[in-house]
Amino acid sequence: MQSLVEQARQHGADEKVMRTLQDLPCDRFASPNDVSQAIGKQGTLRRDVVEILFARVSSAPGARKEDLFNDLVGLLAVHRAARA
């Protein structure tokens with residue numbers, strides 16, 4: 001199983017995203033929601049990361065766009081709950 005940072009690097013994550021992921025207390029998670037919760041607890045989900053995610057959704061083709069959008073909605077919902 002690859003670490004989160006290794007997967008992000010393989011999928012072309014930029015340096016801002018990589019720094020956010022490297023700042024997390026661990027490098028292996030069971031789901032995207034677990035990643036989002038860890039980011040929320042650290043308070044490191046910066047605006048630039050959200051903008052990058054929106055840009056990826058916007059530029060994705062067809063069905064991939066819908067999948068990425070659903071992932072983004074889930075991540076934002078978890079982040080919001082963690083901050084409440």
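Colleague: What is the relative accessible area of Lys41?

Modeller: This is a predicted model, in which local features need pLDDT of at least 70 and side-chain atom pairs count only at pLDDT 80 or more, whereas totals for chains, interfaces and linings use all residues. Residues are numbered from 1 along each chain as its sequence is written, and side-chain values use heavy atoms, leaving out hydrogens and water. Lys41 lies in helix H3, helices being DSSP runs (H or I, at least four residues; strands are E, at least two) numbered from the N terminus. With buried meaning under 20% relative accessible area, exposed over 50% and partly exposed in between (1.4 Å probe, protein chains only), Lys41 is exposed because its value is 73%.

Colleague: In the same helix H3, is Ser36 buried or exposed?

Modeller: Ser36 also has its place in helix H3. Its C-alpha atom is separated by 7.8 Å from that of Leu76, 40 residues away along the chain. The relative accessible area of Ser36 is 5%, and therefore this residue is buried.

Colleague: In what order do the elements of the chain run from the N terminus?

Modeller: The secondary structure comes to five helices and zero strands. From the N terminus on, the order is α-α-α-α-α.

Colleague: How wide an arc around the axis do the buried residues Val17, Met18, Thr20 and Leu21 of H2 cover?

Modeller: In H2, Val17, Met18, Thr20 and Leu21 are buried. They lie on the same side of H2 because the arc they cover around the axis is only 160°. That arc refers to the directions from the helix axis to the C-beta atoms; its value is 160°.

Colleague: Which residues does Phe54 touch, not counting those up to four places away in sequence?

Modeller: Phe54 has its place in helix H4 (residues 47-59). It counts as partly exposed because its relative accessibility is 40%. Its C-alpha lies 9.0 Å from that of Leu68, 14 residues apart in sequence. Not counting residues up to four places away in sequence, Phe54 touches Leu72 and Leu76.

Methods: Contact means heavy atoms within 4.5 Å.
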